[in-house]
Amino acid sequence: MDITTLSQKFTKLKWSGAAQILKQCSLPESLSSTQVLNLLNELIEGQMSYLDVNRQIRLKRVAKLRWPDVGVSDIDVRDQKPNVVKNVEHSLKTNWVRNNGDVAIIGKTGVGKTTLACAIANSLLEQGVGVLFVRYPQLIVDLCAAEKQDTLPQLMKKLMKFPVLLIDDWGIMPLNTMQRHLVFELIERRELNSSLIITSQYGFEHWHQAFQDEVVGDSVLDRIKHLSIEIFLERDSLRKRHGLTGEKE
């Protein structure tokens, strides 16, 4: 068995990472048992690395982040309170996802909520956690369309596939009865099974106004707030500060 034949077999088995490592090896005619074990370990690690890289590429593609290239280095919360800095650091790890918690990023328009949310999402993606980005108004449209077309179960199934659902601009529009029901149904299904990252211009106490129903508002708020990492950004608009329009928010 020569290296070329073995590499071809690895490729056929879709062990592309191991095949690449094997092609780079310069092996003597005879190997000791230790050398064989070291080679096998190197091949396995090469394959695992190959799979991790490809998984991250796939996760990032399907996440559809508004800012797909923003990262931890783009986060600047030095002007924020110590508890905000601590909560941002906590949100970059996966502990809260494993515990089916949520992250709520609250602040006025232009303070960097979406940028921070995408940076957190990219940190999770790099750690192998699936994320889907949706804007709140579009989510409402999609839910209502699916309800009318009798495809709601399929849409809910799709949304439930992602461990983390990033909802941008939460509460930006008032909801009618059907919309309230659909949003409540989505949040209830995801409770204790998955996680949310929510950005909103409005604090928790104002969410009832968007739902226009105190009972439903309380129900949704209770399902999110008690497991949330709360990040309240308090600063001037970054767009105003830098004199820019259309930059990352």
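**Close-up 1. The lining of the largest cavity.** Helix α9 (177-190), strand β4 (195-200) and helix α11 (214-225) each supply at least two residues of the lining of the largest cavity, where helices (H or I, at least four residues) and strands (E, at least two) are DSSP runs numbered from the N terminus. The model shown here is predicted, so that local features need pLDDT of at least 70 and side-chain atom pairs count only at pLDDT 80 or more, while totals for chains, interfaces and linings use all residues. Residues are numbered from 1 along each chain as its sequence is written, and side-chain values use heavy atoms, with hydrogens and water left out. On a 1 Å grid over the protein atoms alone, a cavity is a set of points where a 1.4 Å probe fits but cannot get out, and lining residues have an atom within 4 Å of a point. A search of the whole structure finds one cavity of 30 Å³ or more, and the volume of the largest cavity is about 70 Å³, a volume being the space filled by probe spheres set on grid points that are joined across faces, edges and corners. Of the 12 residues that line this cavity, Asp102, Arg190, Glu191, Ser194 and Arg223 lie nearest its centre.

**Close-up 2. The second largest pocket.** A pocket, unlike a cavity, is an open set of points with protein on both sides within 12 Å along at least five of seven lines. The second largest pocket has a volume of about 190 Å³, and the residues that line this pocket include Lys64, Phe133, Arg135, Asp142 and Lys158. Strand β2 (131-135), helix α7 (136-148) and helix α8 (152-160) each supply at least two residues of the lining, to which β2 gives the most, with four residues.

Close-up 3. Met48, found in helix α3 (residues 33-63), is partly exposed, with a relative accessible area of 49%; here buried means under 20%, exposed over 50% and partly exposed in between, with a 1.4 Å probe and protein chains only. Together with Trp15 and Ile44, Met48 forms a nonpolar patch on the surface with about 280 Å² of accessible area.

**Close-up 4. Ser91 and Ile229.** Ser91 lies in helix α4 (residues 82-91) and is buried, with a relative accessible area of 0%. The C-alpha atoms of Ser91 and Ile229 are separated by 7.2 Å, although these residues are 138 residues apart along the chain.

Notes
Patches are made of residues with over 30% relative accessible area and no salt bridge: like charges are joined within 9 Å, nonpolar side chains (Val, Leu, Ile, Met, Phe, Trp, Tyr) within 5 Å. Accessible areas come from the Shrake-Rupley method with a 1.4 Å probe; for residues, only the protein chains shown count as cover. A salt bridge is a side-chain nitrogen of Lys or Arg within 4 Å of a carboxyl oxygen of Asp or Glu.
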